[in-house]
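Please keep the model open alongside the text.

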Amino acid sequence: MTAVANSAFTASQFNAYVRDNLNETAPAKATTAGTIFVATGANAIAERAPTRGLIGTAQSTASTAYTDLTTAGPSVTVTTGAFVLVFWTAHSQNTTANGRCFMSFGISGATTQAADDTWALTMQNPTATTNVRAGGVHMFPVTPGNNTFTAKYRVDAGTGTWTNRQLFVIPL
């Protein structure tokens with residue numbers, strides 16, 4: 001619309017050219033509290049929901065290969081674009097002095113990726129049963145769509161015990 005001096009600005013023109021444009025902003029598009037918006041292309045946005053999983057109970061394994069604990073996870077499922085920002089943390093201890101506890105995560109759904117030491121938290125206990133807390137953050141490329149992130153655990157010696165396990169995923 002082009003403004004012309006001394007011409008009437010009608011309600012339908014206001015709705016079409018002002019109101020409807022304001023309805024294209026992120027606040028107008030938001031449907032859920034606590035979400036974020038990401039660019040999905042030129043002049044395009046998508047609403048994404050950061051998601052957190054938490055398991056507080058102490059659980060153990062002596063496996064040297066990545067595995068689930070008695071209560072698997074934590075696990076979170078999010079709708080993603082091409083990247084995610086993942087935060088993960090836990091307390092751990094090992095029954096063997098200098099034994100290491102590893103916490104990683106696998107991805108399933110649109111993306112398939114096994115848990116791996118490349119991005120694992122590695123917590124080494126200087127003496128048996130010393131409690132260590134660690135946390136990590138990493139940006140991962142993923143296939144857009146529904147992706148599930150599940151924490152996995154292993155040790156290199158002894159028996160590892162993890163408590164207050166958290167996984168937080170911000171889809172981008």
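Lys152 counts as partly exposed, at 22% relative accessibility, where buried means under 20% relative accessible area, exposed over 50%, and partly exposed in between (1.4 Å probe, protein chains only). This is a predicted model, in which local features need pLDDT of at least 70 and side-chain atom pairs count only at pLDDT 80 or more, while totals for chains, interfaces and linings use all residues. Residues are numbered from 1 along each chain as its sequence is written, and side-chain values use heavy atoms, with hydrogens and water left out.

Lys152 forms a salt bridge with Asp68, the closest N and O atoms being 2.8 Å apart; a salt bridge here is a side-chain nitrogen of Lys or Arg within 4 Å of a carboxyl oxygen of Asp or Glu. Because Lys152 lies in strand S10 and Asp68 in the loop between S4 and S5, the pair ties together parts that are 84 residues apart in sequence. Helices (H or I, at least four residues) and strands (E, at least two) are DSSP runs, numbered from the N terminus. Asp68 is itself partly exposed, with a relative accessible area of 35%.

## The other salt bridges

By this rule the count comes to 3 salt bridges. One of them joins Asp156 to Arg100, with the closest N and O atoms 2.7 Å apart, and this pair links distant parts of the chain, since Asp156 sits in the loop between S10 and S11 and Arg100 in strand S7, 56 residues apart. Asp156 is partly exposed at a relative accessible area of 32%, and Arg100 is partly exposed at 31%.

The side chains of Asp117 and Arg154 also meet in a salt bridge (2.7 Å, N to O). Asp117 lies in the loop between S7 and S8 and Arg154 in strand S10, so the pair ties together parts that are 37 residues apart in sequence. Asp117 is partly exposed, with a relative accessible area of 35%, whereas Arg154 counts as buried at 13% relative accessibility.

## The open sheet

An open sheet of 4 strands has the order S5-S10-S7-S8, with antiparallel pairing; two strands pair if DSSP finds at least two bridges between them. The edge strands are S5 and S8, each of which pairs on one side only. From one strand to the next the twist averages 25°, with axes taken as lines fitted to C-alpha atoms (for helices, over the stretch in contact) and angles running from 0 to 180 degrees between N-to-C directions.

S7 and S8, which run antiparallel, are joined by 4 bridges. Arg100 has Gln124 in S8 as its bridge partner, and Arg100 is also the residue that forms a salt bridge with Asp156.

## The nonpolar core

The largest nonpolar core has 24 residues, and those with the most contacts inside it are Val86, Met103, Phe105, Phe149 and Trp162. Such a core is a set of buried Ala, Val, Leu, Ile, Met, Phe, Trp, Tyr and Cys residues joined through side-chain atoms within 4.5 Å. The strands that each supply at least two residues of this core include S5 (75-80), S7 (100-109), S8 (121-124) and S10 (145-155), and among the others are S6 (83-94) and S11 (160-171).

## Alanine 65

Ala65 lies in the loop between strand S4 (59-61) and S5, and is partly exposed, with a relative accessible area of 45%. Not counting residues up to four places away in sequence, Ala65 touches Tyr153 and Arg154, contact meaning heavy atoms within 4.5 Å.
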